[in-house]
Each structure stands twice: as structure tokens, then as C-alpha cells.
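The points below may be read alongside the sequence and the model.

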Amino acid sequence: MTNSPDPTIPAPDAAPDAAPGTATGPELATTLRETVARLFPALRADLESLVRVPSVSNAAFDPAHVAASADAVAALLRDAGLPEVQVLRARTADGTEGAPAVVARRPAPDGAPTVLLYAHHDVQPPGDAATWETDPFEPTERDGRLYGRGAADDKAGVVAHLGALRALTRLGELPVGVTVFVEGEEEIGSPTFLPFLTQYRDLLAADVIVVADSSNWKIGVPALTTSLRGLVDCEVEVAVLDHAVHSGMFGGPVLDAVTLLARLITTLHDDAGNVAVPGLVTAAEPTVDYAEADFRADSSLLDGTVLAGEDSIAGRLWTKPAIAVIGLDAPSVAHASNTLTPRATAKLSVRLAPGQDPAAAMAALRTHLEENAPLGARVTVRDGEQGKPFLAPGDSEAMRAARWAFATSWGTDPVDIGVGGSIPFIADLLEVFPDAAILVTGVEDPDSRAHGANESVHLGELEKVVLAEALLLARLGGAVA
């Protein structure tokens, strides 16, 4: 973190470069583009400092690092000139205290809207260090990309907000009210997000909410995320024996629990790989084409592997359900013995199409698993997390402002995309702030490898994200004619 004043940022009482007034789009874009370019080296240094803080929110890691990360973000926002900066935690009804979040505010000028800028400062565990080409918590540049855990997801989102505010402040007063909300537990499912919203509702209330935690279409082509799949998950246990027995003495008439669990799992898809669980809905096909060659490269699919399912690739990713086995409890190969396994458990993750009710999806999944118990084996389903899908209106004042800002920054129109992943807290935002317009933007691209080894952000694209957000805030505040 850069605690010392940035010489490119004026002190609060210094004269701005130019009074913003009401400029034309090209005039403001040119001025802001030059301003962001001057500020970007310091922004990159701040991102590097944040990446060096190993703010993994998983319970197995030291929470002191998450607290240090919150303090670092708070210091950066104070340096950006926001007069109200607090590190806050939610407290649930049972007394559980959430991870530290940062809330920084500047009230709106008379008649101007307030914009809430969301990001998160916690990160995923680094995983196996041997799979990283460099230290995950020592930022490293290669070929125009900055590598490190959180470099893209989502400390770059924090820096995007920071950079937009610095750029606009450099030109004068902010044209909108701004609240920056940087969460500290997104990577563990935001367990105290809704209590946080309700406890600090007055601090967070806004007309427009910008969630900087998604992706762009590809390098050089921006995107606005207009749909997100929802999520349910569960554990399904198959039990066939009271205890393990000798595979030679009893194998044949009895199939082991792992085999029976495998048979149950195969009922989740048809022979073409389409989801085969009755009651899971499908939304309309997207209009964007995702070329198979690009998808194969982006997903690192091995040569010869046939894609599952039918219809377009974009539809299979964004508007149809998907089911994956993400965990398996069964004897490991290293500890295998010649016995029939009495019980085995799988964790299933189900992505839900926009329009699907998560509770109905969970009920449909449970019914399917119980009704397809193989050879009468005992099947037990334990419900897990649920998250609602999201579908944004395609045409609103905020969306039009965002399209203009992105097109101006990149020089090409943004693509409307869905995202196969889920951001369940967006449903919480809509519940608490039903009248707010929500824009889902992002700093990632198909090569970012968020959550995986060698995560990175493209620095040239990050600079464009900063410019686009500054333009968006200016447009929302009426500073652009």
C-alpha cells in the first residue's frame, strides 16, 4: 500500500487541473484518458501492494491478513480524498461477527444521484504452490499482465474504483455522491452480507450500484454482464452396507457404494450431456456467439474431448443449468483395501438458469436423487448453499450510460454477456435496495484464471476499466452533455 501522498494527486485544497463543468463526451474522454494514464503507474503500485497481503478469508487461514487488507484498502480510500472511511463488521443474530469490510463515502452534490461502488478485498486460497510459476503473493509482470492471487479477483476491482475517483477528483469535485463498499468475505459465500446490508442500510443506500466482480468478453472488447446463473449445492450419500466387508467373500451379489454412487451420478445427464433433472428451467438463448475454438482454448479442454450438451455454447454456459461433482468422499487409491466400501458421498454443484427459483431447484434435485436410488441403496441428500440468478434490464438510464462509457474507453461497443458463475449477493442487494439500478462490470478476461494458479490481470485492460468507470460516474452525474 502506498501510504505516502501521490504527487500526481492534488491535496484537497489544491486547484484541479480543469473545472469539469458540463463537457462534451469527446472533450471529457480526452481529458480523463490523459489523467488516467498519468495516474496509472501509482495505481499499479497500489494493486501490487494489495496483492502482497494474503487476505484469504477461508477459515483455515489467519484472519489477521484479512484485517490487514481491510486497513490497507481504507488507507487508500482516505488518500483518495473520501471524507468518511470506516472498517465495519456485521453481527448476526447468534452473535457471529463477519469479516471486516470497508465503507467510504462522499455525499452527493445537490440533485445528483449516489452511486455505490462494490468490490471485495478477500481472495481465494493459493492452492498448490508448485502449480504457480511465481509466488502467488508477490506480484510479477509478464507480457503486460500482472500475476498474483487477487490481482484480478478482485483487488483489481478495488483499484478500478480507486482510479476512477482519483481521476475525477483530479478534475474537480465528484459529480455524483459515492459510496465505496469493499467486502471481506465474498470468497466464502458472503455469509454475513445480508445482515451487513440491513445494519448499515443508511450508509449504503444508492441510486445506482456498480459491482466490479465480473469479466470482459476478451482483450480489446468490453462487456456488461446482464445475466448470472444461480446456484444450489448439496451432499448426496449412498449407503449399501453397515460396515466394510471383504470384496472377495461378498463381491458380486453386492455392489460397493462408490459404484452405486457413480450410477446415481450418471442419471443427472442424458447420453449427450444435457442435464436430465426434471424441474430445472432453461432461459432464452443468448444472441452472442461463443466460438468453439475460443471456448476450447479458454477452458484448456484437452484435444479429443467432446463438448457436453446441445444448443449454442453461450446458451450452455449462461442460460441452461449445469451440474458438476465438485467433491467426493471415498477411499483414496493410496489407502485402498480389498473391501467393499459401505458408503460414499459426493458434493454436487448446480448452476441455475435465470428465472429459476433456487428452492424449487433444490427440491427437484433431491426428488431426482431419491427416486433414482440405484438397486435400492439408501440415498441421503443434505441441502447446501442456495443463490438466486440475476437478469438485468437491457435498457435503462444506467445501462445506457455504461454502454457509452465502455464504448468511449475501448473504442468499441461493449458486448452483453451472461456469466455461468453466480454472485448470490446481488439478490440481497436487490432485496434491500429494490429501486437501485445494478450494473455488473469487471476487470477479468478469459486468460485471468481467477481462483486458479497463475491468476493475472491485463494491465492495459485495467487502465481502460478505470477510464470507463470515471466516464460512467461523470455521465451519471450530468457532467457530460
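Between which two elements is the loop in which L375 is found?

1. The residue L375 is found in the loop that runs between α10 (358–371) and β14 (378–387). Its phi is near 50°, a positive value in a residue other than glycine. L375 is exposed, because its relative accessible area is 65% and the cut-off for exposed is over 50%.

2. The model under discussion is predicted. The chain has 13 helices and 18 strands. Its radius of gyration is 24 Å, close to the 23 Å given by the globule rule for 481 residues, so the chain is as compact as a globular protein of that length. Taken along the principal axes, the box filled by the C-alpha atoms is roughly 85 × 45 × 45 Å.

3. Of the 481 residues in the chain, 51% are buried. Among contacts between residues at least 6 apart in sequence, 81% join residues at least 24 apart. The chain exposes about 20600 Å², and carbon and sulfur atoms supply 52% of this area.

4. With a relative accessibility of 57%, S300 counts as exposed.

5. The peptide bond from D153 to D154 is cis, with omega near 5°. D154 lies in the loop between β5 (145–147) and α3 (155–171).

Terms used. Residues are numbered from 1 along each chain as its sequence is written. This is a predicted model: local features need pLDDT of at least 70, side-chain atom pairs count only at pLDDT 80 or more; totals for chains, interfaces and linings use all residues. Side-chain values use heavy atoms; hydrogens and water are left out. Helices (H or I, at least four residues) and strands (E, at least two) are DSSP runs, numbered from the N terminus. The radius of gyration is taken over C-alpha atoms; the globule rule is 2.2 Å times the number of residues to the power 0.38. Buried means under 20% relative accessible area, exposed over 50%, partly exposed in between (1.4 Å probe, protein chains only). Contact means heavy atoms within 4.5 Å. Accessible areas come from the Shrake-Rupley method with a 1.4 Å probe; for residues, only the protein chains shown count as cover.
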